[in-house]
Amino acid sequence: MSTGRRQAALLFSRTKASPDGANEKGKRKMTEDTDITLPRPPVVVIRAAKPHDLPELNAMIAALALHHGDASAMTPEKLERDLFGPLPWITALVADGGEGLIGYAILVPLYRAQEGKRGMDLHHLYVRDGQRGNGIGQHLVARARELARQSGCDYLSVSAATGNFAAHRFYEHMDFVPRPVTGMRYMQALS
């Protein structure tokens, strides 16, 4: 089976994980997941985002921002520019349950000039509330890893908030190695 057909026919196991939403004292509180588990679609397709996905993808980006206590300034127009414009800036994978999108991953290119290595940052990973624990996030990460390899990348990176212990466990389970950040990061507005 070809890679394209394989990604279009991923079936997921019904394993259940139990993330705890523990947060470090003094850190910004993230919204809690509900205890509701929705029925998982029997077939979930992991595929590249398409223009008709933009409203649902935008809504999920807003939901992830809310989960972290942030506001989203994303719009379908900005997504269209950054995914499908003359200079695509990001790559988005979506988990399509047949009746709508249930998750997404956004990838952004990276480069380590001192090593001459290309990389890909898994900038966002999100699975809708009620669908978490059904293996969808694992399959989004697996497809992101495959896409990074096909793009000639030497590594895939991801970050998680300091107090997001459930995410730490998830990424370590997916064979990511913790690499604490040292130093300061600076930014300068250009507009």
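I counted three aromatic pairs, taking rings of Phe, Tyr and Trp (its six-membered ring) as paired if their centres lie within 6.5 Å, with planes under 30 degrees apart stacked, over 60 edge-to-face and the rest tilted. I kept in mind that this is a predicted model, where local features need pLDDT of at least 70, side-chain atom pairs count only at pLDDT 80 or more, and totals for chains, interfaces and linings use all residues. Residues are numbered from 1 along each chain as its sequence is written, and side-chain values use heavy atoms, leaving out hydrogens and water.

I looked up F170 and Y171 next: their ring centres are 5.3 Å apart and the planes stand at 70 degrees, so the pair is edge-to-face. Y171 also pairs edge-to-face with F176, at 5.6 Å centre to centre and 80 degrees between the planes.

I then checked burial (buried under 20% relative accessible area, exposed over 50%, partly exposed in between; 1.4 Å probe, protein chains only). F170 is partly exposed at 24%, while Y171 is buried at 11%. F176 is buried as well.

Ten bridges join β4 antiparallel to β3, residues 101-112, where two strands pair if DSSP finds at least two bridges between them. I found R112 opposite K117 in β4.

Notes. Helix = DSSP H or I, 4+ residues; strand = E, 2+ residues; numbered from the N terminus.
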